[in-house]
Amino acid sequence: MTVANGRSLLAIPGPTNIPDRVLQAMIRPAEEIYSGPMVSLTDSLLGDLQRIFRTRGRTYIYAANGHGGWEAAISNVLSRGDKVLVLASGRFAIGWGQMAAFMGADVEVMDGSWRASIDPAAVEERLKRDTAHSIKAILMVQIDTASGVVNDVQAVRRAIDAAGHPALFMVDGVASLGCMPFEMDAWGIDVAMSASQKGMMTPPGLAFVAANDKAHKAHETADMKTLYWDWTARQGKEHYMKYCGTPPEHLLFALRAALDMILEEGLEAVWKRHALLAAATHAAIGKWAEGQVISCNVTDPAQRACSVTPVLVNGADSEAIAAYTQKICGVTLGSAIGELSGRAFRIAHMGHVNAPMVLGSLSAIEMALKALGIPHGEGGVTAAVATLAEGAGLPFGPAVHEVPENDLAAPTAPV
Ligand SMILES: *Cc1c(COP(=O)(O)O)cnc(C)c1O
């Protein structure tokens, strides 16, 4: 039999769970596109995206997925033949670099590990060798969704500065924006991009790009520009041109609701929630790992992403685990991609997720391990619960009320 009926859980790293409030925001008629409410909606979204990217730079919204955001970022600042340095830590920076190569850039990939963060010292060393400053842009992801690695953006910025290199610093925050600290201005990011369907809790179909003055300076002479992505065309007064055509209205209504939810919770609180839910996930895997089959792909806990965790399955069938959780429990896990394909599954814990959702995913996995006879240490879910109990606050005061001894000993006489 199965126990899958009931609300199913989507634990894949994008698209993620869409809050009911965001879904409901889309159930409404379309609006006129040249004036009125749509214009002020766009203004509010562009302004709030600055708050999320933490920048005073300009923000842009595209009717596109993350790949579109990649193309938007590249086409606005680069010219054909420009050299681009890609800092690999899994799959996604490489994908961005492939896009740049297709568009005419001369792409060099700095190899990285699938199990550890980008090494800032290696970046500094490579940039110091580029004495002619032929590298025009450096591309990296903050969280690589395939490997589960989180990179230290600030440390890479320091490496670029230590090398005295003028290249544009371009960062992909698709799997990290709205999940963990992202400080575009404080960290010296020139171009940042993200998309709607992961930490931002909105249906797929919107890409976000933020760019500072240095990026806009490069934009003036870039020759990869095309009208659809072009920043200049989107800067004018005309609302229609801010989307180079009809605005993706209902996605914008959804984004408004999602941004309201993030800002009401508080961006820092959102980051903390993700950190705690990730810690609980890692605690469970730590217990299961005692059976010598299951382990976290990223070995150093400090280099593990707070939004997605790839779990290695060594000597058992990772796909059988995912098939079990889906068919028997109604929990859809992410399949592994790239180098981890066929030997891992991914647990997403990003966006609209809370303790019961993450515990639900973890419990379904633990159930699968038991049912399928896969060796694992006992008590994974218990360890996750303990992590959550320790980390979560006590909004209603102390859990156990201090009762004065007198009250217990001598009930007051009825008046
Ligand atoms: C999902 C993802 C992308 C690609 O986004 P799409 O919307 O699928 O094009 C890019 N970068 C990272 C880090 C991602 O996680």
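The lining of the largest pocket divides by class into nine nonpolar, six polar and three charged residues, where Ala, Val, Leu, Ile, Met, Phe, Trp, Tyr, Cys and Pro count as nonpolar, Asp, Glu, Lys and Arg as charged, and the others, Gly among them, as polar. The model is a predicted one, in which local features need pLDDT of at least 70 and side-chain atom pairs count only at pLDDT 80 or more, whereas totals for chains, interfaces and linings use all residues. Residues are numbered from 1 along each chain as its sequence is written, and side-chain values use heavy atoms, with hydrogens and water left out.

The largest pocket holds about 310 Å³ of space, and of the 18 residues that line it, P13, H67, F92, Q197 and K198 are the closest to its centre. A pocket here is an open set of points on a 1 Å grid over the protein atoms alone, with protein on both sides within 12 Å along at least five of seven lines, while a cavity is a set of points where a 1.4 Å probe fits but cannot get out; lining residues have an atom within 4 Å of a point. Points are joined across faces, edges and corners, and a volume is the space filled by probe spheres set on them. Helix α3 gives the most to this lining, with three residues.

The space taken by the ligand is this largest pocket, a molecule being assigned to a pocket if more than half of its atoms lie within 2 Å of its grid points. Around the ligand stand N65, G66, H67, W70, F92, I143, T145, D172, V174, A175, Q197 and K198, each with a heavy atom within 4 Å of it. Five of these shell residues are nonpolar, five are polar and two are charged, and helix α3 (residues 66-77) again gives the most, with three residues.

An N or O atom in the side chain of T145 is 2.3 Å from an oxygen atom of the ligand, a polar side-chain atom of Q197 is 2.7 Å from a ligand oxygen atom, and one of D172 is 2.7 Å from a ligand nitrogen atom. The protein buries 90% of the 380 Å² that the ligand exposes when taken alone, by the Shrake-Rupley method with a 1.4 Å probe.

Elsewhere, the structure holds three cavities of 30 Å³ or more. The largest cavity, with about 70 Å³ of space, is lined by L9, L10, A11, N17, I347, A348, V353, M357, V358 and S361. Its lining has eight nonpolar, two polar and no charged residues.

Two backbone features remain. Most residues other than glycine have a negative phi, and most peptide bonds are trans. G14 and P15, however, are joined by a cis peptide bond with omega of about -5 degrees, and H133, which is not a glycine, has a positive phi of about 55 degrees.

Conventions. Polar contact = N/O pair within 3.5 Å; in protein donor to acceptor, adjacent residues only side chain to side chain. Helix = DSSP H or I, 4+ residues; strand = E, 2+ residues; numbered from the N terminus.
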